[in-house]
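The following exercises concern one protein chain.

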Amino acid sequence: MVTLETPRLILRRWREEDVAPMAAVNADPEVMRWIRDGSVRDEQQTRGGIQAWESEWESQGFGLFAVEIRSTGELAGFTGLAVPHYLPEVLPAVEVGWRLGPSHWGQGLATEAAAAAVRFGFEERGLERIVSIAQVGNDASERIMTKLGMRPVRETVSPSGGRRVRVYALSSDEYANTPAPR
């Protein structure tokens, strides 16, 4: 089982005790306002999502990590790699994504976690390109993408939510020549 460690975080596979805290993140309208159509998710939907993420680990060799705060053991949310099936026009692709609860915003944790996931994708899984997708207006996520060394490559409408999104990308060559995020 893959586990990644950063100075403040542990990125690991999912456990049963992660369902309730992740459901709390998914139930927060402020968190979910930039996810697809903005709908919140309940505990049952969260459990199904975690099961799907774990299945992706088995089939793809990568997936979404539970993000744990090293100092407290608290679940902050997730980060990791997934195939963005919800936006078919960018396929084939692997997306880096993240979702943290509001108490963990503004501390650089999403950037720290996403940078570890990108490093894992390029260095451990040999990916040639990683994308990231954010709804237009989600400036915080776009700042993270820029810190990761990504550049905008297209703007389109997501069929899964009907909202405008920006797609950012980073190639393995660009990654090799980009300083690590701070």
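**Exercise 1.** State with which side chain the side chain of Thr6 makes a polar contact, and determine whether Thr6 is buried or exposed.

*Solution.* Step 1: the side chain of Thr6 makes a polar contact with that of Glu112, at 2.4 Å. A polar contact is a pair of N or O atoms within 3.5 Å; within protein, one must be able to donate a hydrogen and the other to accept it, and residues adjacent in sequence count only if both atoms are side-chain atoms. This is a predicted model, in which local features need pLDDT of at least 70, side-chain atom pairs count only at pLDDT 80 or more, and totals for chains, interfaces and linings use all residues. Side-chain values use heavy atoms, without hydrogens and water, and residues are numbered from 1 along each chain as its sequence is written.

Step 1: the relative accessibility of Thr6 is 6%, so Thr6 counts as buried (under 20% relative accessible area; exposed is over 50%, partly exposed in between; 1.4 Å probe, protein chains only).

**Exercise 2.** Classify the ring pair of Trp57 and Phe65.

*Solution.* Step 1: rings of Phe, Tyr and Trp (its six-membered ring) pair if their centres lie within 6.5 Å; planes under 30 degrees apart count as stacked, over 60 as edge-to-face and the rest as tilted. By this rule there are six aromatic pairs.

Step 1: the ring centres of Trp57 and Phe65 are 5.0 Å apart and the planes stand at 70°, so this pair is edge-to-face. Both Trp57 and Phe65 are buried.
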